[in-house]
Amino acid sequence: MNNLRFIPSQGFNNYVMILLISSKMHIESGSQIRKVLVIGLGQLGIPVAKYVKDSGFETFGYDINTLKMEEAEKNYGIKRIEQFDDIDVFILCVSTHDPNDEYTPFVDGLFSLAQKISREAKNGSLVSIESTIPKGTSKKIFELLNHRLHVAHAPHRWYALEEDEHGVNQVRVVGGVSDCCLKIALQFYDSGNESLESNDNSTNDSHENCRRNSLEIPMHPVSEIEIAELTKIIENADRYMQIAFSEDLYLYCQANNVNFGELRDALNTKWNVNILEPRDGVGGHCLPKDTKMFLHSSKSIKSKILMAAMEVDQDYRRFREMRGYRLVPPAINSHK
Ligand SMILES: NC(=O)c1ccc[n+]([C@@H]2O[C@H](COP(=O)([O-])OP(=O)(O)OC[C@H]3O[C@@H](n4cnc5c(N)ncnc54)[C@H](O)[C@@H]3O)[C@@H](O)[C@H]2O)c1
């Protein structure tokens with residue numbers, strides 16, 4: 001266990017937690033990672049599992065939907081597994097929305113999964129959460145794992161329509177529950193990361209082993225895992241707001257007999273303006289769900305501008321419904 005730290009602002013509990021980690025974990029940074037299990041074999045989990053497998057790791061897949069496991073095995077050679085006892089890295093890609101309402105955040109599935117991992121996994125493995133989660137979730141998972149495993153959060157920016165450019169291997173943020181969790185995660189994802197090199201006192205040989213054992217994804221490490229959690233949900237909240245502003249302008253144009261398309265083209269000639277197309281409104285379920293995760297992350301101050309953006313999206317949809325026709329050309333709602 002390296003780099004133990006005491007964060008005075010977080011008090012004695014934090015100190016005790018870190019001591020507990022150090023006593024229960026025995027994985028050493030630089031030790032070999034061989035077996036990787038991707039959990040949740042949906043839209044995100046499949047490309048992740050394929051990438052991990054192509055990077056040379058023995059790759060397994062698990063999903064509560066057995067059909068998904070069968071397909072992953074048949075189509076991509078991702079071996080199905082139901083026992084978690086011999087896994088070095090768990091990558092969690094499960095859905096984080098309410099099964100009855102895809103716009104509402106829901107992490108109970110993730111927590112029950114953590115309980116299964118807690119019962120079955122060996123000490124010191126890495127649990128990397130790639131699903132989008134509310135602030136505070138990673139530390140709750142760490143508690144459920146009884147402080148026995150390393151926990152990191154490496155939220156995903158995967159974008160189906162541009163998989164080459166914005167697939168599994170793109171710049172991503174990573175945080176760890178403690179410094180050693182972050183270090184192990186960085187070695188797994190990005191063994192050449194300069195923050196590892198600057199503290200590195202390992203031998204050339206062990207460094208070379210780490211490099212052979214890494215996904216080589218460029219990672220941006222952050223000092224607190226909550227920063228990683230917030231980064232993902234605020235990225236999507238920002239996108240939500242940009243789309244809502246274009247909806248707002250569109251409604252303004254309709255009410256004031258202004259040609260939206262021409263106005264937008266004119267505005268976008270300025271170097272620092274980029275007004276989006278409003279298309280069918282804020283698309284997919286991730287932007288609304290993740291924006292709600294951000295809004296719910298604070299009990300006191302809530303973003304007024306985001307609450308207004310949600311109202312604008314509703315107004316825009318209502319407007320389109322009332323007109324009963326498509327105001328803009330149908331397109332894949334690629335509000336990436
Ligand atoms: N799809 C994307 O473009 C994208 C991009 C970035 C982040 N994300 C995030 O990644 C996560 C997964 O998204 P997705 O689009 O792949 O969802 P998905 O619905 O396509 O797949 C999720 C999979 O998880 C499985 N699952 C759910 N609960 C489970 C559990 N308790 N144990 C095992 N398996 C379980 C489901 O059966 C399903 O196969 C979400 O948090 C999402 O916000 C998705």
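In this predicted model, helix H10 meets helix H13 through Ala237, Tyr240, Met241, Ala244, Glu247, Asp248, Tyr250, Leu251 and Gln254. On the side of H13, the residues in this contact are Ile305, Leu306, Ala309, Met310, Val312, Asp313, Asp315, Tyr316, Phe319 and Arg323.

H10 spans residues 225–255 and H13 spans residues 304–323; their axes come within 8 Å and cross at roughly 50 degrees. The crossing of the two helices is left-handed.

Attention now turns to the strands. Eight of them form an open sheet with mixed pairing, in the order E3-E2-E1-E4-E7-E8-E9-E10. Strand E3 (79–80) and strand E10 (219–221) are the edge strands, each of which pairs on one side only. Within the sheet, strand E8 (residues 150–153) pairs with strand E9 (residues 172–176) in the antiparallel sense, over two bridges. Ala152 stands opposite Gly176 of E9.

Helices also lie across this set of strands. Helix H4, residues 108–120, lies across strand E1 (35–39), strand E2 (58–62), strand E4 (89–92) and strand E7 (126–129). Relative to E4, H4 runs at about 170 degrees. Helix H7, residues 179–189, lies across E1, E4, E7, E8, E9 and E10, and its direction is at about 145 degrees to E9.

Notes: Residues are numbered from 1 along each chain as its sequence is written. This is a predicted model: local features need pLDDT of at least 70, side-chain atom pairs count only at pLDDT 80 or more; totals for chains, interfaces and linings use all residues. Side-chain values use heavy atoms; hydrogens and water are left out. Axes are lines fitted to C-alpha atoms, for helices over the stretch in contact, and angles run from 0 to 180 degrees between N-to-C directions. Helices (H or I, at least four residues) and strands (E, at least two) are DSSP runs, numbered from the N terminus. A crossing is left-handed if the near helix is turned anticlockwise from the far one by less than a right angle, and right-handed if clockwise. Contact means heavy atoms within 4.5 Å. Two strands pair if DSSP finds at least two bridges between them.
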